[in-house]
Amino acid sequence: MSGRSTTRTAPRGGQAGSRTGQRLSGLAVALGMVLFLGGFAWGAVVYRPYTVPTTSMAPTIGAGERVLAQRIDSGDVRRGDVVVFKDETWANVPILKRVVAVGGDTVSCCRDGRLEVNGEEIDEPYLSEATATGFNGFPEVTVPKGRLFLLGDERSGSVDSTARLADAAHGTVARGAVEARVDAVVWPMDGMLTAATGFEELGPLSSPGPLRTITVMVVAGAVLVLGGAAYGPLAQWAGASRARTKAGSAGAR
């Protein structure tokens with residue numbers, strides 16, 4: 001009789017524990033879905049994907065690589081940013097270049113092999129050695145207010161502001177033409193772009209977008225969903241294992 005009483009009492013306790021576990025697993029799944037879907041929704045609002053067709057931004061971004069660019073207002077563009085813009089006088093398609101000077105700046109290249117902005121020589125570690133030493137340069141340009149001077153990181157092979165110096169705007173592009181600022185290379189997974197610290201002496205740099213936070217949200221959400229969904233099968237397996245152990249112990253008595 002005592003053996004039967006013991007076997008009845010244990011399942012009731014196990015069922016109570018199971019109900020608590022089920023509530024927690026349900027909460028984990030719900031929270032995980034919020035984080036997972038919320039991260040994707042946030043990313044879709046803030047970022048746009050682009051495929052880079054040429055090597056003009058090599059070695060920072062290679063041909064065929066995919067990037068995520070944060071949608072920004074034109075007033076948020078700063079020196080050193082890699083931006084996506086569209087200008088009918090260039091080509092009415094999205095183009096990626098690096099902003100090296102903004103309205104009011106003077107820019108030229110290359111004394112001592114370096115880009116010069118407002119009299120400051122700019123350190124550009126993102127350039128390849130061949131580009132840094134082999135670029136022919138260009139005479140000083142004063143950037144009109146409200147406009148940007150842009151270069152590719154592959155200076156010798158990039159069709160950029162230097163190819164349009166004879167234009168009325170001296171090869172510059174209106175700030176309003178900028179659609180987004182590149183945050184990261186996502187295919188292949190090279191990660192976040194390195195900050196262009198060489199421009200810090202001329203003013204503050206742009207802060208990275210929320211891509212890291214969005215990635216953490218998506219990953220954490222996926223872990224919670226999978227963990228919560230796995231609770232049921234794991235609890236069932238653990239309960240069956242305990243039942244077999246108890247049955248073996250009762251048989252031994």
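Trainee: Why is His-170 called partly exposed?

Mentor: This is a predicted model, and every value here is computed from it. His-170 has a relative accessible area of 35%. Buried means under 20% and exposed means over 50%, so a residue with 35% falls in between and is called partly exposed. His-170 sits in the loop between β9 (147-151) and β10 (173-174).

Trainee: What makes the phi of His-170 worth noting?

Mentor: Phi of His-170 is near 55°, which is positive, and the residue is not glycine. Most residues other than glycine have a negative phi. Asn-118 is another case, with a positive phi near 50°. Asn-118 lies in the loop between β6 (114-117) and β7.

Trainee: Why is Asn-118 partly exposed?

Mentor: The relative accessible area of Asn-118 is 34%.

Trainee: Why is Met-189 called exposed?

Mentor: Met-189 has 75% relative accessibility. The cut-off for exposed is over 50%, so Met-189 passes it. Met-189 is in the loop between β11 (178-187) and β12 (191-192). Together with Val-186 and Trp-187, Met-189 makes a nonpolar surface patch of about 380 Å².

Trainee: Which peptide bond involving Trp-187 is cis?

Mentor: The bond from Trp-187 to Pro-188 is cis, with omega near -5°. Pro-188 belongs to the loop between β11 and β12. A cis peptide bond also joins Cys-109 and Cys-110, where omega is about 5°. Cys-110 is part of strand β5. Most peptide bonds are trans.

Trainee: How do you know that β5 pairs with β8?

Mentor: Strand β5 (residues 106-111) and β8 share 3 bridges. Pairing needs at least two bridges, so the two strands count as paired. The sense of this pairing is antiparallel. Within it, Cys-109 stands opposite Phe-138 in β8.

Trainee: In what order do the strands of that sheet stand?

Mentor: The order is β7-β6-β5-β8, an open sheet of 4 strands with antiparallel pairing. The edges are taken by β7 (120-122) and β8 (138-142). Each of these has a single partner strand, so one side of each has no neighbour in the sheet. On average, neighbouring strands of this sheet are turned by 25° against each other, direction ignored.

Trainee: What holds paired strands together in general?

Mentor: Strands of a sheet pair through backbone hydrogen bonds.

Trainee: Why is Gly-80 called buried?

Mentor: Gly-80 has a relative accessible area of 9%. Gly-80 is placed in the loop between β2 (66-71) and β3 (82-87).

Trainee: Which residues are in contact with Gly-80, leaving aside its neighbours within four places in sequence?

Mentor: They are Arg-98, Val-99, Ala-196 and Phe-199. Contact here means heavy atoms within 4.5 Å. As for distance along the chain, Gly-80 and Ser-206 are 126 residues apart in sequence, while their C-alpha atoms are 8.2 Å apart in space.

Trainee: How many residues does the protein have, and what share of them is buried?

Mentor: The protein has 253 residues, and 38% of them are buried. There are 3 helices and 12 strands. Among contacts between residues at least 6 apart in sequence, 68% join residues at least 24 apart. The protein exposes about 14,000 Å², with 58% of that supplied by carbon and sulfur atoms.

Key
Residues numbered from 1 in each chain as written. Predicted model: local features only at pLDDT ≥ 70, side-chain atom pairs only at ≥ 80, totals over all residues. Heavy atoms only, no water. Axes fitted to C-alpha atoms, helices over the stretch in contact; angles between N-to-C directions. Buried < 20%, exposed > 50% of the residue type's maximum accessible area, 1.4 Å probe, protein only. Areas by Shrake-Rupley, 256 points an atom, 1.4 Å probe, with all protein chains shown as cover. Patch = residues over 30% accessible without salt bridge, like charges linked within 9 Å, V, L, I, M, F, W, Y side chains within 5 Å. Salt bridge = Lys/Arg side-chain N within 4 Å of Asp/Glu carboxyl O.
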